[in-house]
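Here is a quick tour of a two-chain model, taken one piece at a time. Have the viewer open and follow along.

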Amino acid sequence: MWRVKSKYFFVNLKGLQPKSIQSTIMKAFSVISISIMLVLGIVLYMRFSTMSREETVQSTRKLMEQTGENLEDYLVSMRQISDAAYYNVIKENDLSARDQDIQARMNLLYEANRDNLQSIAIYDSRGSLMAAEPVAAQKEDPDVTEQDWYKQAMEEMENMHFSTPHIQNLFDDGTLRYYWVISLSRVVELTDDGVSQLGVLLVDMDYSAISRMMNQINTANNGQHYYLCDSNGEIIYHPRQVQISDGIGGENSKTAAKYKDGVYDETFEGEQRKVIVNTISYTGWKLVGVIPYDTLAAGTIDIRYFSILIILLMAMMLVVINRVISLRISSPILKLNASVKEYEAGKKPEIYIGGSSEIRHLGHSIQKSYEQIDTLMKKIVLEQNERRKSEFEALQSQINPHFLYNALESIVWMVEGERNDEAAFMITQLAKLFRISLSKGRTVISIKDELQHAQSYMNIQKIRYKNTFSIVFDVDPNLYSYCTVKLILQPLLENAINYGVEGMDGSGEIRVTGREEGGSVILAVSDNGIGMSEEEVSLVLTDSNRIHKRGSGVGLVNVNNRIRILFGKEYGLKVESEPDEGTTVSIHMPAVPYTEENRKRLEEGTAFYRDEMPGREMREKQR
Amino acid sequence: MKNDRKMFILIETILAVLALIVASLMMWDKLRSDQDKISVIVRNSDDTQWSAFKYGLRMAAEDHGVEMFVVSTSATMTAEEEEQMIESEIDNGADAVIVQPVPGEESEEMLEKFRNRIPVMLVECATAETEFSGLPVVEPDNHEMGATLAEELLEDYNGNIKGKTLGILSETTDSPKVLEREHGFRNIAEAEGAEVVWAVAGNFSGETETPIGMLPQVDLVVALDDASLTAAGASVAENDLRGALVYGIGHSTEAVYYLDTGAAECIVVPDEFNIGYQSLTETAESLENFFRGMEDRTVSHTVLRKEELFTKENQEILFTMSQ
């Protein structure tokens, strides 16, 4: 029950009409091809975007390494200046004695590097200026001992110190400007007036040299940027330096300062980004490259659009191709289907035969079966007509007025001659005859009834023909309980009387015999009359248009047809005749036991179209 | 069969429409990469007083991916000249302008007209009646700056400036910026009993210079704008002011230099970097988003004194000025 329900449900779901073969093929093709294409597209895109990201990171690393090297070169050259100033100028000279010489040497150093250098200055341990290049007026009270670079140098005397960028607060060169510098300071041993003392050598590097280098790589306007910080995370250069100090922007420099060289993923202020760290040797400064994930994605956004466009165009093409293919495949089936539909609609089209061999075969088969159906239909109609006609004729014979008139005239004649017993016998026979003729409207009756009918008929005829012939019934009583078509003996007897024994003046003899032979019942009517030539015999069963000279008009053709319609073509009448010898007409029927069921089956004609007889099966069943 | 064809046409149409959308998105992205252009018109634009302002503009332009162009101008400009200049900038493809207006109602009306065509941002009010002006302005609180200057002065004299004579210098008299600063200063200084002996406006540097030294002697000279402050500083350096101490409002390295050398006692510095940054940010954002209007912004100001000139924070102010 459930299965029935669910099946019904699914039919409802899918719509009451099943989908056409073309749309099914096309949908299947489209789904498969588009899925494959999508998967391929996505995989390729992912692969490509990963490669492009890796390439971005790699190129950034290379750029940073290059810039790192440039920065290192620059810082090394600054250290070299400091070394040169220390070892070639300060250590070799007494600052007070050979002032001019020191100035000249420092000037030489300064001039050689003036592009990157702001100033070189030597301070003693009290913070007094000993020498400076370029020569400029010192500010009134700069108090260098309080400045960071001086304090750092004094705290760790053995090292050179790079400061963070700051404003040089030492000289007044009259330009009304302030210089942004990075100080390289170190403690030096200087000789002043023959006395050795500690001092600080300051090399102020022009910050613009570093910012220029950094600006060169900070050209991208897409969020990707590079910055420089010291080992504490104090920013030395940042493209958005002022924004950061104003609080408009931020930078994760404190964390980056702790990173070792490498590539890191981090989230800063809600932004996911890749951070590449490169340490500048000696200073401990970190060159940091920041690539926000958005930038990485932005690089591939064109590719994304392009891939989507390609996928869409491919899908359009595939849909067209799929349609063409599905049409090619389904077109012969659809044409075949259309011609079958037309046939069903009542037209008589040619069944389509085309396409692949399978569909051609199908077309042929359908065409053949339709032709067969056609033939069968015609045959059925024909046979039905014949059956109706035969039965009508048989019915007509029951009430043959001529026969009735003759019989009644004989009765009248007997009554008038006061042959009351004979008249009574005649009337009784006539009554029996009509009872069996009617048989409650049945067409199939038992052989016993048929024989009874034949006897009644012969009794009446004998009286009418004044016993000019004799009649012998020699039928095996075993046959009584078999089925037969109603009123088949009477026409044979009528023929035997009319064409056989009439006028033989008492020597005529009619024999009705019956026997069972090989599952068939054979009832035969023989006479010893004038007989027929072979030519006539051959016409008796075929020429239905023969004009009956006498009798009821129900010919042998009619009897033969009725038997064949009811029992099958292998049954029917057989006529044997010899001129002047007599004629034997045998009825061949299957031995079908007379039961209500068999009678109905035979009357309905259910076994009618089958070549094999139902009687045979039934009989076997009975046995 | 008919349904199949309908479905086929429908699918093809949908795919074609999608392809068109994607293609137009690609084109749109390409078109969008054409940067907006914002022109900046300020008087005497090559002067160092605009260094921090221009640096702020440049930074904001980088942050917002717009093209920024500062028009080269002379020290004096009339409303007509300004109009012509804006007109030619629009002809050259400017999508918005940032303007330091010529003081006066005439220029206000002129700018109002331009506003209907492109976004106009001011970095100074054109007239004193700011509430009637619909044009957005990014500027410091001028009244507050004048007041701060007076308070610093009071602090130096321990709150007692009664009987001190004052001279007030400014570039113009009709600029609402200067008027507000003067108002803010006078409110406090005069309340405390100081006497303003003179208030002079003019060009104190260059060829048509008005000699400050010719003015009557006063105890204190208050310069209300950068040009006046550097002129006063220069006068002090040349000992022209006969012992008068200089206080002022300025934002150039020259002004800071005079403070550093002791020619000025105290200066109040408006955050010019942020005037540039915020004005351009507002303008760029209004260009990015059609429905976003521009708003007034007020930037901060800082008091600089010689002793604290080289603290980390103040160095950053100097950094922006030195760009």
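## Chain B at a glance

Start with contacts in chain B: among those with a separation of 6 or more, 71% are between residues 24 or more positions apart. Bear in mind throughout that this is a predicted model. Chain B is built from 10 helices and 12 strands, and 45% of its 323 residues are buried.

## The parallel sheet in chain B

Now pick out the open sheet of 4 strands in chain B, where the pairing is parallel and the order reads β2-β1-β3-β4. The edges belong to β2 (67-70) and β4 (120-122) of chain B; each has a single partner strand, so one side of each has no neighbour in the sheet. From one strand to the next, the twist averages 20°.

Inside the sheet, β1 (residues 37-41) and β3 (residues 96-99) of chain B run parallel and are joined by 4 bridges. If you want a landmark there, look for B:V40, which stands opposite B:I98 in β3(B).

Two helices to look at next both pack on this sheet. Helix α2 (residues 51-64) of chain B touches β1 and β2 of chain B, and its direction makes about 160° with that of β2(B). Helix α9 (residues 272-288) of chain B touches β1, β2, β3 and β4 of chain B, with its direction at about 160° to that of β3(B).

## Where α2 and α9 of chain B meet

These helices also pack against each other. What describes such a pair? Two packed helices are described by the angle between their axes and the distance between the axes. For α2(B) and α9(B), the angle is about 35° and the axes are 6 Å apart. Their crossing is right-handed.

On the α2(B) side, the residues in the contact include B:F53, B:Y55, B:L57 and B:M59. They belong to a set that meets residues of α9(B), among them B:F273, B:I275, B:Y277 and B:L280. By class, the residues of the contact of α2(B) with α9(B) come out as 12 nonpolar, 5 polar and 2 charged.

## A two-sided helix in chain A

Over in chain A, which residues of helix α5 (residues 207-217) are buried? They include A:Y207, A:I210 and A:M214. Looking down the axis of α5(A), the buried residues fall within an arc of 70°, so they line one face of the helix. The spacing has a simple background: an α-helix has 3.6 residues a turn, so residues three or four places apart point the same way.

Turn to the other side of α5(A) and you find A:R212 and A:Q216, which are exposed. The cover over the buried residues of α5(A) includes β7 (180-192), β8 (195-206), β9 (225-229) and β10 (235-237) of chain A.

## An exposed threonine

Strand β11 (residues 262-268) of chain A holds A:T267. Why does A:T267 count as exposed? It has 10 other C-beta atoms within 10 Å, and a residue is exposed if that count is 12 or fewer. Between A:T267 and A:N252 there are 9.4 Å in space, C-alpha to C-alpha, and the two are 15 residues apart in sequence.

## Between the chains

Finally, the contact between the chains: chain A puts in 25 residues and chain B 28 residues. On the chain A side, the elements giving two or more residues are α2 (21-90), β5 (166-167), α6 (241-246) and α8 (293-344) of chain A. The largest share, 9 residues, comes from α8(A). Split by class, the side of chain A that touches chain B has 13 nonpolar, 8 polar and 4 charged residues.

Technical notes
Residues numbered from 1 in each chain as written. Chains lettered and ligands numbered in written order. Predicted model: local features only at pLDDT ≥ 70, side-chain atom pairs only at ≥ 80, totals over all residues. Buried ≥ 20, exposed ≤ 12 C-beta atoms within 10 Å, placed from the backbone. Arc of directions from axis to C-beta. Contact = placed C-beta atoms within 7 Å. Nonpolar A, V, L, I, M, F, W, Y, C, P; charged D, E, K, R; others polar. Pairing = 2+ DSSP bridges. Axes fitted to C-alpha atoms, helices over the stretch in contact; angles between N-to-C directions. Left-handed = near helix turned anticlockwise from the far one by under 90°.
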